[in-house]
Amino acid sequence: MTSRRTLLKGTLFGSATALLPTAASATGGAPVLRLPAPAGPYPVGMRTVHLTDPSRTDPWTGGVRELMLTVLYPARSVHGFPRPPQLTPTEAGEFAGLAPHIRPGLPQPGTVDWGAVLTHGHVGAPPLPGRRPVLVYSPGGGDSRTLGTTLAEDLASHGRVVVLVDHPGDASQVELPTGLRTTVLFGPPDPATFRTMVDTRIADLRLVLDRLSHLPLARVMDSRRIGLYGHSAGGTAAVYAARDDRRVGAVANLEGYLDLYPTPAGLDQPLLLFRTDGFNGAARIESSWAGLPGRRVLLPDANHWAFTDYGSLVPQLQTSGLVTATARTALVGTGDPAVTLAEVRRRVGTFFARHLSSRSDGDRC
């Protein structure tokens, strides 16, 4: 669910295997990893945003609370607008050292060029006209927002604005205008630390909701159609952030525990409860979800991080001989990664399309 020691079969349309890229060989022998392309009809634009909250003190380091966001959206045209890497050079260098400690089984430093992984967003591309549903994403504990890129780009390519939120302090690494922040967590957090982490994320998500109308792309965001989704600790935070917040129309929880408080009272929005069949915390997940109304979905032959970009990156690393079969199973499961990816995209996309449907402008998602 949260970071470990962090040093610092359904029928699918088309060929599922076509969704998943394979690692290419780099000059030095290290694989060049590729993220799957989004499958929607629209190209994707991208902006990054820095937020501060002067009303809050950062619980991990003191000082003003800062956030970094990536905003993805359907673009009118992407010609001449570059595709950036998933991680900045500074973040990539830091992550190379952190990766095997954050997620045991990932390759050792010097074997993967994490800075060469390109996104499919285009920086600064003009947005497609119209007002779009807004989806706000919180990543898993110990993960940065960038590990939610694949699903977010696909959601944006189908006509949504997607806001990926970094939570400095527990995220592995975040490059802010004020400098690089790395995780302050050492080992699985105790209950008090986990509560601090989730409470901080809840406040972060509510800050983002408060600031949506001030973001650079506010003119294409429909504030009447807002959804939250998150993975692991991010799913926990998304559900609790939606309590008693009428701005949020639907919530998708991707394998996050819901036992931080006695019950998520006050939540009456449509809820997707999506988990894998391989996660070792399944008993706790099921217990914490008991009695909650919501759509329950089981992802077969998968494990916890199959919901993230690891779902496509780890199989490429295994093919290149840099990740063992045991590690791959523990991270993302044994299933065909293209089939898993297609199922995650379909389930999450369909859920938000159903519950955040257009009320006025005729856009279809």
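The largest cavity is lined by 17 residues, and Thr150, Ala306, Phe307, Thr308 and Leu341 lie nearest its centre. A cavity is a set of points, on a 1 Å grid over the protein atoms alone, where a 1.4 Å probe fits but cannot get out; lining residues have an atom within 4 Å of a point. This is a predicted model: local features need pLDDT of at least 70, side-chain atom pairs count only at pLDDT 80 or more, and totals for chains, interfaces and linings use all residues. Residues are numbered from 1 along each chain as its sequence is written, and side-chain values use heavy atoms, without hydrogens and water.

Helix H2 (149–157), H6 and helix H8 (337–355) each give two or more residues to the lining of the largest cavity. H8 gives the most, with 4 residues. Helices are DSSP runs (H or I, at least four residues), numbered from the N terminus.

The second largest cavity is lined by residues including Trp114, Ser144 and Leu313.

| Cavity | Volume | Lining by class |
|---|---|---|
| Largest | about 150 Å³ | 10 nonpolar, 6 polar, 1 charged residues |

A volume is the space filled by probe spheres set on the points. Ala, Val, Leu, Ile, Met, Phe, Trp, Tyr, Cys and Pro count as nonpolar, Asp, Glu, Lys and Arg as charged, and the others, Gly among them, as polar.

Now the helix pair. The axes of H6 (residues 310–319) and H7 (residues 325–332) come within 10 Å and cross at roughly 175°. H6 is therefore roughly antiparallel to H7 (angles over 145 degrees count as such). Axes are lines fitted to C-alpha atoms over the stretch in contact, and angles run from 0 to 180 degrees between N-to-C directions.

Note on methods:
Parallel < 35°, antiparallel > 145°, perpendicular 65-115°, else oblique. 1 Å grid on protein atoms, 1.4 Å probe; cavity = no way out; pocket = protein on both sides within 12 Å on 5 of 7 lines; lining within 4 Å.
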